[in-house]
Amino acid sequence: MYSTILSGALLGINACMVQVEVDATSGLPSMSMVGSLGGEVRESRERVLAALKNAGLDVPPKHVTVNLSPADLRKEGTAYDLPIAVGMLEVLGFFPEGSASGILFLGELGLNGEIRAARGVLPIVREAALRGIRECIVPEVNAGEGAVIPGICVRGARELEQVMCFLLAGGKEREEILPQVSISPEELIRGQEAFQGNDFSEVRGQGMAKRAAKIAAAGFHNLLMLGPPGAGKSMIAKRIPGIMPPLSLEESLEVTAVYSVAGKLGDKALVTERPFQSPHHTISAPALTGGGNVPRPGIISLSHRGVLFLDELPEFQRSSLDGMRQPLEDKKVQVTRVGGNLIYPADFMLVCAMNPCPCGYFPDRNRCRCTEPQIKRYAGRVSGPILDRIDLCVELQAVEVESLQGGAEGESSAEMRRQVEMARRTQEERYRGTGYRFNGDVQAADMDRFCTLGEGEKRCMEKLYAQMGLSARSYHRIRKVARTIADLAGEERIRTEHLLEAAMLRPTQEVWRA
């Protein structure tokens, strides 16, 4: 007897349909599996057989062959356990033929028959809905993320016995055994409360740094903070997500798909807050950019539509930092393996912090004992191409004691977010139908259209270009930052003062020479 069960495979953060074909014949009792299988999939045989036995299902002695089609597509992960088990049950006659027709199955099986979480449920369910599949059964813990996809009935199962009872039942009985999970992603987004974390009002002094953080959040610009230890660099970075515009539904689904594929979604149905990732400086290049023997999204993809904070920037491996050059430009990571190319999204805001020297106190020679060569070597760990991709650089000074002892509270996160959201609405209107979201996204080809300069502003940029020795990339980045400064000021056109402020915040190769 022959059976075909629907399932899915991941391709980056996208998916494709997989047919789990099961054939049972008389002969020496055995179970063989084919179809370009990874290690976890090959181990599925033992998990499935043990789960069927412990669920009280006596498997008759048959020669069982399982094929995962298309056979030339590499299959990884444990989500094929459930469809393989269902296919075996159908060919062995445990439920009527055709009972599982048109239903997609995903889930890992425990040896006791428990259905455990699987990676990538959201993109697989989304692909199934696009292919016209109207029903799927997934692990109960993953049912929420699948249910945010419209146009498909998602049911969550805890154990194999539930799935068996569902397939044996008919009509309304099925709904009682495994009810449909219904979640409105629009309501989850609308129900998102304002950021409840640390507030910018707790940051005393550092007015220029807070101004730079506001500009960065409003236009999705990359930011570098330079200053001595204890000046507040990390405090400011951790508060930036609290002033950024809320995720749109489209952005939320993108971020959720990345976390689902990485297996880091947990029991959430949808990611509704902008991500914030802060890896340790010992992180390897593959962990940062993504990849591995079994490719997974890296930290920069987990920062998609959010903030990637690199503290102690010069301490990161040079290869790790340089590996971010292309993602910072292309907004995506391409992982190439023998089996093909995978693309992960990487549209993130890069926020960095560094000391001006190894001890952190240059140019205060009363405290700094670093030599000139030491300072140059330390700063030289950050390559020029990386600095060229950073839009804003701000220096922080040691906080005065007066600011700490009863000084006036600074601008709150709520007030800063209000201004950022106002600038965001302006950008939404400007870029409607263009594919751009923020000023930081604008490409050079569209610079004259969206970051228009008057004659006086053009002359200003000519002088800045010559005096600062700007590259073409730096020239365009100053214009984009100036566009954001104008939006925060409620100005329709970029003015000279906006360009000068943007140029003042522009990092250079000698940025550490305070």
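Reader: What is the relative accessible area of Arg45, and is Arg45 buried or exposed, or partly exposed?
Author: This is a predicted model. Buried means under 20% and exposed over 50%. Arg45 falls in between, so it counts as partly exposed, with a relative accessible area of 34%.

Reader: Which residue forms a salt bridge with Glu46?
Author: Side chains of opposite charge can pair when their charged atoms come close. Glu46 is itself partly exposed, at 42%. Its closest N and O atoms in the bridge are 3.0 Å apart, and the partner is Arg45.

Reader: How many residues apart are Asp388 and Arg473?
Author: Their side chains meet in a salt bridge of 3.0 Å, N to O. The pair links distant parts of the chain: Asp388 lies in helix H17 and Arg473 in helix H22, 85 residues apart.

Reader: Which side chain makes a polar contact with the side chain of Asn67?
Author: Asn67 is found in strand S4. Asn67 counts as buried, at 18% relative accessibility. Its contacts beyond four places in sequence include Gln19, Val20 and Val34. The polar contact, at 2.7 Å, is with Glu21.

Conventions
Residues are numbered from 1 along each chain as its sequence is written. This is a predicted model: local features need pLDDT of at least 70, side-chain atom pairs count only at pLDDT 80 or more; totals for chains, interfaces and linings use all residues. Side-chain values use heavy atoms; hydrogens and water are left out. Helices (H or I, at least four residues) and strands (E, at least two) are DSSP runs, numbered from the N terminus. Buried means under 20% relative accessible area, exposed over 50%, partly exposed in between (1.4 Å probe, protein chains only). A polar contact is a pair of N or O atoms within 3.5 Å; within protein, one must be able to donate a hydrogen and the other to accept it, and residues adjacent in sequence count only if both atoms are side-chain atoms. Contact means heavy atoms within 4.5 Å. A salt bridge is a side-chain nitrogen of Lys or Arg within 4 Å of a carboxyl oxygen of Asp or Glu.
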